[in-house]
Amino acid sequence: IAKDIALSLEIFVKGSLNIFNNQTNVDMNNRFTVYGIRDLGQDLAPISMLIMMEAIQQSIVENGEKGRATWLYIDEIHVLINSEYSAQYLQQLWKKVRKQGGLCTGITQNIVDLLMSETSTTMLSNSAFILLLNQSSKDIEKIVESLEISEEQLNYVIDSPSGCGLIKCGSRMVPFDNVI
């Protein structure tokens, strides 16, 4: 069994996927740490995302112990949701990050991408604050069903100008028009 495990891990230790087999050159004590995953290949993406999210969670825990809040922004969150490994990890992180002194913010252009996944739908329902800007009319049906938006409130998110949208805070849905 040990030989099989060693052979399975060899590609990550000595082979072409050994990128994490070295000391990091990233200063993890920076106030801002940005992880860019766009250029990861398909082979490295799952393990990279797990390592990245574990590092993020560890930072949140350490900051929480020091009485510091950590705000985690995840742009293009649908990319992480589309990976089975990162989606599961992200879901558990989303549920417990507040207890560890942190806040999560997921950002995506099309919320309907999130509503197609049971995992992200659960995450969305566990979010106390949701901000919706202009949405395409083809996506709106699923959004109305999931977030219980009235016909009148839809005017703020369907073909609306920049500066208009809806804020869902707790059980309240508040339309806003902040056109400047």
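**Note on cysteines and a nonpolar surface patch**

1. C104 has a relative accessibility of 18% and therefore counts as buried, since the cut-off for that class is under 20%. The structure discussed here is a predicted model.

2. The cysteine sulfur closest to that of C104 belongs to C169, at 17 Å, and this is too far for a bond. A disulfide would require the two sulfur atoms to lie within 2.5 Å.

3. C164 is likewise to be considered. Its relative accessible area is 6%, so C164 is buried. For the sulfur of C164, the closest cysteine sulfur is in C169, 19 Å away, which is too far for a bond.

4. How many disulfides does a search of the whole structure find? The search gives 0 disulfides.

5. The surface also deserves attention. A nonpolar patch is formed there by I1, I5, L9, I11, F12, V13, I47 and I51. Together these residues have about 700 Å² of accessible area.

6. Which elements give two or more residues to the nonpolar patch? They are α1, covering residues 2-13, and α2, covering residues 45-65. Helix α1 supplies the largest share, with 5 residues.

Terms used
Residues are numbered from 1 along each chain as its sequence is written. This is a predicted model: local features need pLDDT of at least 70, side-chain atom pairs count only at pLDDT 80 or more; totals for chains, interfaces and linings use all residues. Side-chain values use heavy atoms; hydrogens and water are left out. Patches are made of residues with over 30% relative accessible area and no salt bridge: like charges are joined within 9 Å, nonpolar side chains (Val, Leu, Ile, Met, Phe, Trp, Tyr) within 5 Å. Accessible areas come from the Shrake-Rupley method with a 1.4 Å probe; for residues, only the protein chains shown count as cover. A salt bridge is a side-chain nitrogen of Lys or Arg within 4 Å of a carboxyl oxygen of Asp or Glu. Helices (H or I, at least four residues) and strands (E, at least two) are DSSP runs, numbered from the N terminus. Buried means under 20% relative accessible area, exposed over 50%, partly exposed in between (1.4 Å probe, protein chains only).
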